[in-house]
Number of protein chains: 2
Amino acid sequence: MNVAQQRQGRRDGQGALTPGPLFILVEPQLGENIGAVARAMLNFGLSRLRLVNPRDGWPNPAAIAMASGASPVVDSARVLDTTDAAIGDCNYVLATTARPREMLTPVLSPRAAAEEMKVRIERGETCAVLFGGERAGLSNEDAARADAIISIPVNPAFASLNLAQAALVVSYEWALADGRASFPSDLDEEAPAPKSDLEGFITHLFSALDEAGYFFPQEKRSVKERNLRVALTRAGFTEGEIRTLRGVVKSLTRR
Amino acid sequence: MNVAQQRQGRRDGQGALTPGPLFILVEPQLGENIGAVARAMLNFGLSRLRLVNPRDGWPNPAAIAMASGASPVVDSARVLDTTDAAIGDCNYVLATTARPREMLTPVLSPRAAAEEMKVRIERGETCAVLFGGERAGLSNEDAARADAIISIPVNPAFASLNLAQAALVVSYEWALADGRASFPSDLDEEAPAPKSDLEGFITHLFSALDEAGYFFPQEKRSVKERNLRVALTRAGFTEGEIRTLRGVVKSLTRR
């Protein structure tokens, strides 16, 4: 964690150093959805949540129940009366919304938005993403407070992402921008066998096939050999797999 | 839609030409989650769903209720008894799973997976993504049938994406690979005003500020002018915004 990130963590006034963007839910309705947003966030390493005027009051048992293992995100959520109060300490604010009419705010893809926030957070800026309530989304008045709009590229014929789904997409892109990677494959730790091992197996196989009459008539032999060699090479067998395959050939020729 | 995509659509035996990957849910439990997967898919333009041995039978009213506007995806879902039956006509199969132990299957990020499927589908291949049930995910036996594993880069300290969330991430990356874009900003259709308009406004403003004594003492004038000019240039005001701002200055100087 660099100095800028530490500064960011302190600036939020929380014990934990959590350098990602804040998520701000404006007038959310169902506690279940607040809990689902918390889960989406924590799955991708985000934990700072603010709520503007939640309909059913706060704390909300349904939010805690739905959050399950992400309940610390819900427990530490800050509740504010207005959007202005919620973004007051933020340097850069994005709004997720369906296309606002006649507003000259720049629009970013979720990916571009995450990359922009990453750069700003590394510099020590506090970044926030606004999400509207379930029924009507963000008002144009709230969206007008944002430096840019995040537009999730949904199917125009069925554009009905819910609150937690929108939060999931933004969280996922944050994790990628923040350098979180897929797990490695066990295959990454196993090189393809040296070619001499592969060749040893192929020689073994071809010899067994010769005995079995597979290469008859001889004029087709070189094409058959080449095709088999190409297919067997493409898989990139490991040393262990080559041993397994030699066992297979041995077993089949034991008859 | 190119010929390969049309072929793909026909191959699936459905009336509609839906060229994206198939999603295959293996032993899903709650109908609600099947419906939520359908919604996630259709939000990003996917519609072909197969179910392997759903716990609560089929059709499932809870799935249809949760799918809401995406119920056609649920209605047209095919139900099969085994994973092998569900992937039998697929050329390329990916599995979403937590890290499988001791399996030498390649691992792809959701992004790389979507790009790979896009290339293959354009060629006319049928591609499918396997998702496991809510309780235990995909078995290693099912994952071993896949050409590659999709690994969603979750927070190792809280890795608890549910079925519909995993489907959402894969669907979202599919939409991007398929070229779906964020909506344009109204700003894209409005160029910044010609510099002569901006200059006209700045001249107007500076003249008003002059009269108000803002530039006193004169030795600070050039720095103050330059700083104001830089700040006002950075916003890239449109012609309409320049007109608005001239109105603002006129209004303020009317006193």
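Begin by selecting Arg111(A), Glu173(A), Arg111(B) and Glu173(B), which are linked in a network of salt bridges. The model on the screen is a predicted one. Side chains of opposite charge can pair when their charged atoms come close. Within this group, zoom in on Arg111(A) and Glu173(B): the two form a salt bridge in which the closest N and O atoms are 3.1 Å apart. Between chain A and chain B, the count is two salt bridges.

**The boundary between the chains**

Next, colour the two chains separately and display the residues where they meet. On the side of chain A, 55 residues are in contact with 55 residues of chain B. The area buried between the two chains is about 4300 Å², and carbon and sulfur atoms give 58% of it. Now select Leu104(A), Phe158(A) and Phe183(A). In chain A, these residues lose the most area to chain B, together 18% of what that side buries.

Between chain A and chain B, 22 residue pairs are in polar contact, counting pairs with both residues at pLDDT 80 or more. To see which elements of chain A take part, select helix 2 (31-43), strand 5 (107-108), helix 6 (110-122) and helix 8 (163-177); each supplies at least two residues of the side that touches chain B. Helix 8 of chain A contributes the largest share of that side, seven residues. Colouring the side of chain A that touches chain B by residue type gives 31 nonpolar, 13 polar and 11 charged residues.

**Salt bridges within the chains**

Over all chains, the count comes to 26 salt bridges. Select Arg123(A) and Glu125(A), whose side chains meet in a salt bridge at 2.9 Å, N to O. Are these two residues buried or exposed? Glu125(A) counts as buried because its relative accessibility is 15%, under the 20% cut-off. Arg123(A), with a relative accessible area of 48%, is partly exposed.

Move to chain B and select Arg123(B) and Glu125(B). Their side chains also meet in a salt bridge, at 2.8 Å, N to O. Glu125(B) counts as buried, at 15% relative accessibility.

For the last stop, select Asp210(B) and Arg221(B), whose side chains meet in a salt bridge at 2.8 Å, N to O. Asp210(B) lies in helix 9 (residues 195-211) of chain B and Arg221(B) in helix 10 (residues 221-234) of chain B, so the pair ties together parts that are 11 residues apart in sequence. Asp210(B) is partly exposed, with a relative accessible area of 34%.

Methods:
Residues are numbered from 1 along each chain as its sequence is written. Chains are lettered from A and ligands numbered from 1 in the order in which they are written. This is a predicted model: local features need pLDDT of at least 70, side-chain atom pairs count only at pLDDT 80 or more; totals for chains, interfaces and linings use all residues. Side-chain values use heavy atoms; hydrogens and water are left out. Contact means heavy atoms within 4.5 Å. Buried area is the accessible area (1.4 Å probe) that two parts lose on being put together, summed over both. A salt bridge is a side-chain nitrogen of Lys or Arg within 4 Å of a carboxyl oxygen of Asp or Glu. A polar contact is a pair of N or O atoms within 3.5 Å; within protein, one must be able to donate a hydrogen and the other to accept it, and residues adjacent in sequence count only if both atoms are side-chain atoms. Helices (H or I, at least four residues) and strands (E, at least two) are DSSP runs, numbered from the N terminus. Ala, Val, Leu, Ile, Met, Phe, Trp, Tyr, Cys and Pro count as nonpolar, Asp, Glu, Lys and Arg as charged, and the others, Gly among them, as polar. Buried means under 20% relative accessible area, exposed over 50%, partly exposed in between (1.4 Å probe, protein chains only).
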